[in-house]
Amino acid sequence: MSKLGTAFSEGIIAFIATNIDDILILLIFFSQIDVNFRQRHILLGQYLGFAAIIFASLPGFFGGLVVQREWIGLLGLLPIVIGIQQLVSRKEETTTVQTVSSNFRQSTHTNPVLSFILSILHPQTYKVVAVTIANGGDNISIYIPLFAGHDLTSLGVILSIFFIMVGVWCAIAYFLSRQPTIADVLSRYGKAVVPFVLIGLGLFIMYERGTFTLLPWMRS
């Protein structure tokens, strides 16, 4: 197999292996779509979050830093904070969302460029970014050695595959969330379960990365 063919295969395998659990998170996100939380917020949030993970992994290509796994696990605090925030402010959000969304709706009648910029700046986008980074933070420890073994051309192939697969992943999750059976379950229980899923995700991230061993009483 040629060098570029190898990079192509490695890119697909590495993305699937490191992001298979992201389908569930995306399904939950797409189940919450309403006038204030749009598909574009999820798509933009995924791309921005994944781009941050890639940027943090690039030192591997230059033979630089290796982030300690336990410290990466601290990213699990992001979904925990978001989950707790949703639990605390759930009643307030139901009334506030209507006002905020109506105001945001009025600003979507502008040109596409301004609409795109507003979507990037929207708080919902950054919620997706935070969860994406937290859930994929451990990928850094895999991408660093992966990038280190390639030249600039091969790295370009891998990164191209990665960013294409982000869109494919979003499309798969979106179409799955539109299936009657899945959509019915998500519409009934999705919003009630989301905060607990986020908190559980954060705790799992920290546990799986060994972050709790950083605590003095856990070292012995």
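**Exercise 1. Find how many cavities of 30 Å³ or more the structure holds, and describe the largest cavity.**

Step 1. Count. The structure holds two cavities of 30 Å³ or more. A cavity here is a set of points, on a 1 Å grid over the protein atoms alone, where a 1.4 Å probe fits but cannot get out. Volume is the space filled by probe spheres set on the points, with grid points joined across faces, edges and corners. This is a predicted model: local features need pLDDT of at least 70, side-chain atom pairs count only at pLDDT 80 or more, and totals for chains, interfaces and linings use all residues. Residues are numbered from 1 along each chain as its sequence is written, and side-chain values use heavy atoms, leaving out hydrogens and water.

Step 2. Size. The largest cavity has a volume of about 90 Å³.

Step 3. Lining. It has 14 lining residues (an atom within 4 Å of a point). Closest to the centre are Asn19, Asp22, Gln46, Phe50 and Thr132.

Step 4. Elements. Helices H1 (3-19), H3, H8 (123-136) and H10 each supply at least two lining residues. Helices are DSSP runs of H or I, at least four residues, numbered from the N terminus.

Step 5. Classes. The lining divides into five nonpolar, seven polar and two charged residues. Nonpolar covers Ala, Val, Leu, Ile, Met, Phe, Trp, Tyr, Cys and Pro; charged covers Asp, Glu, Lys and Arg; the others, Gly among them, are polar.

**Exercise 2. State which residues line the second largest cavity.**

Step 1. Size. The second largest cavity holds about 30 Å³ of space.

Step 2. Residues. Its lining consists of Ile25, Ile28, Phe29, Gln32, Val194, Val197 and Leu198.

Step 3. Elements. Helix H2 (22-31) and helix H11 (180-208) give two or more residues each.

Step 4. Classes. Six lining residues are nonpolar, one is polar and none is charged.

**Exercise 3. Work out how H3 packs on H10.**

Step 1. Geometry. H3 (residues 39-57) and H10 (residues 152-177) pack at about 150°, axes 11 Å apart. Axes are lines fitted to C-alpha atoms over the stretch in contact, and angles run from 0 to 180 degrees between N-to-C directions.

Step 2. Orientation. That angle makes H3 roughly antiparallel to H10 (over 145 degrees).

Step 3. Hand. The crossing is right-handed (the near helix is turned clockwise from the far one by less than a right angle).

Step 4. Contact (heavy atoms within 4.5 Å). H3 uses residues including Leu43, Gln46, Tyr47 and Phe50, while H10 uses residues including Phe162, Phe163, Val166 and Cys170. The contact has 12 nonpolar, three polar and no charged residues.

**Exercise 4. Determine how H1 lies against H10.**

Step 1. Geometry. H1 and H10 pack at about 40°, with axes 8 Å apart.

Step 2. Contact. Among the H1 residues are Lys3, Phe8, Phe15 and Asn19; among those of H10 are Thr153, Ile161, Phe162 and Trp169. The contact divides into 14 nonpolar, four polar and one charged residue.

**Exercise 5. Determine how H3 meets H8.**

Step 1. Geometry. The axes come within 7 Å and cross at roughly 40°.

Step 2. Orientation. H3 and H8 are therefore oblique to each other, in a right-handed crossing.

Step 3. Contact. Residues of H3 including Gly45, Gln46, Gly49 and Phe50 meet residues of H8 including Val128, Thr132 and Gly136. By class, nine are nonpolar, eight polar and none charged.

Notes
Parallel < 35°, antiparallel > 145°, perpendicular 65-115°, else oblique. 1 Å grid on protein atoms, 1.4 Å probe; cavity = no way out; pocket = protein on both sides within 12 Å on 5 of 7 lines; lining within 4 Å.
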